[in-house]
Amino acid sequence: MIKILYFGRLHESAGRRAETMALPEGVTTISALKHWLNTAHELDGALDDPSVKTMINQALVHADIPLNGDEEIGFLPPVGGG
Amino acid sequence: MIKIIDTPFNPVIELEAFTKANSDAGAITSFLGQVRGETGSVHELYLEQYPGVTKAGIQDAVTKANTRWTLTGVVVIHRTGAMGVGEPIVLVATAAIHRRDAFLSCDYLMDYLKTEAVFWKRQTGAHGTKWIEPRAEDYKDSDRWDTL
């Protein structure tokens with residue numbers, strides 16, 4: 001199962017802070033997952049916004065990498081500072 | 001020591017404990033950040049962290065500060081959750097043999113916290129609710145450490 005975390009304004013757009021799910025059928029990469037979530041939660045492409053960073057297992061990723069189906073995935077809008 | 005907590009803290013008690021723990025230091029600098037009221041227009045500030053990631057980032061900044069200056073101790077206490085006007089958000093204190101290292105390292109850590117620390121900040125007030133991002137001045141303050 002993958003665990004997906006939405007932070008800041010994204011958790012309001014997605015209507016949830018976290019969700020756990022099996023990889024949807026046909027989804028094998030982070031890029032495909034973002035596309036799937038954008039559609040499923042009607043995010044209007046928010047996860048593809050260049051200002052939104054993606055972390056897999058708490059490490060930043062910049063490329064479209066394959067998913068095993070057991071990762072923690074975080075979507076991080078620009079930080080606000082402390 | 002780094003603490004990220006979702007309940008109020010007393011900066012006086014925390015600073016007293018830090019001072020006692022660093023009794024050999026010749027200098028202690030501290031910074032306390034609290035929720036600004038903006039002349040009545042702000043009612044609440046809400047901060048969110050990414051557990052694990054937020055603390056690791058602060059730890060990295062503390063490690064860099066320890067490399068750059070000679071410090072005998074550092075404490076960073078940061079609130080998350082909902083806070084009212086006047087409530088403490090962050091306490092940073094650094095202890096050193098001499099004052100310059102204490103001053104500079106405390107300033108450096110606050111610049112990190114204001115611009116790069118992994119927190120999301122939502123302000124609620126008379127004009128509704130909005131997510132806050134660092135100001136241009138915050139980035140300018142932080143950038144100066146590259147040339148100092």
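Guide: The lining of the largest pocket divides into 10 nonpolar, five polar and 10 charged residues. This is a predicted model, in which local features need pLDDT of at least 70 and side-chain atom pairs count only at pLDDT 80 or more, while totals for chains, interfaces and linings use all residues. Residues are numbered from 1 along each chain as its sequence is written, chains are lettered from A and ligands numbered from 1 in the order in which they are written, and side-chain values use heavy atoms, leaving out hydrogens and water.

Visitor: What makes a residue count as nonpolar, charged or polar?

Guide: Ala, Val, Leu, Ile, Met, Phe, Trp, Tyr, Cys and Pro count as nonpolar, Asp, Glu, Lys and Arg as charged, and the others, Gly among them, as polar.

Visitor: Why is one space called a pocket and another a cavity?

Guide: On a 1 Å grid over the protein atoms alone, a cavity is a set of points where a 1.4 Å probe fits but cannot get out, whereas a pocket is an open set with protein on both sides within 12 Å along at least five of seven lines. Lining residues have an atom within 4 Å of a point. The structure holds one cavity of 30 Å³ or more. Its lining includes Gly8(A), Pro77(A), Trp120(B) and Trp131(B).

Visitor: How much space lies in the largest pocket, and how much in the largest cavity?

Guide: About 520 Å³ lies in the largest pocket and about 60 Å³ in the largest cavity. A volume is the space filled by probe spheres set on the grid points, which are joined across faces, edges and corners.

Visitor: What makes Arg17(A) and Glu48(B) a salt bridge?

Guide: The rule asks for a side-chain nitrogen of Lys or Arg within 4 Å of a carboxyl oxygen of Asp or Glu. The closest N and O atoms of Arg17(A) and Glu48(B) are 3.4 Å apart, so the pair meets the rule. Across the interface of chain B and chain A the rule finds two salt bridges.
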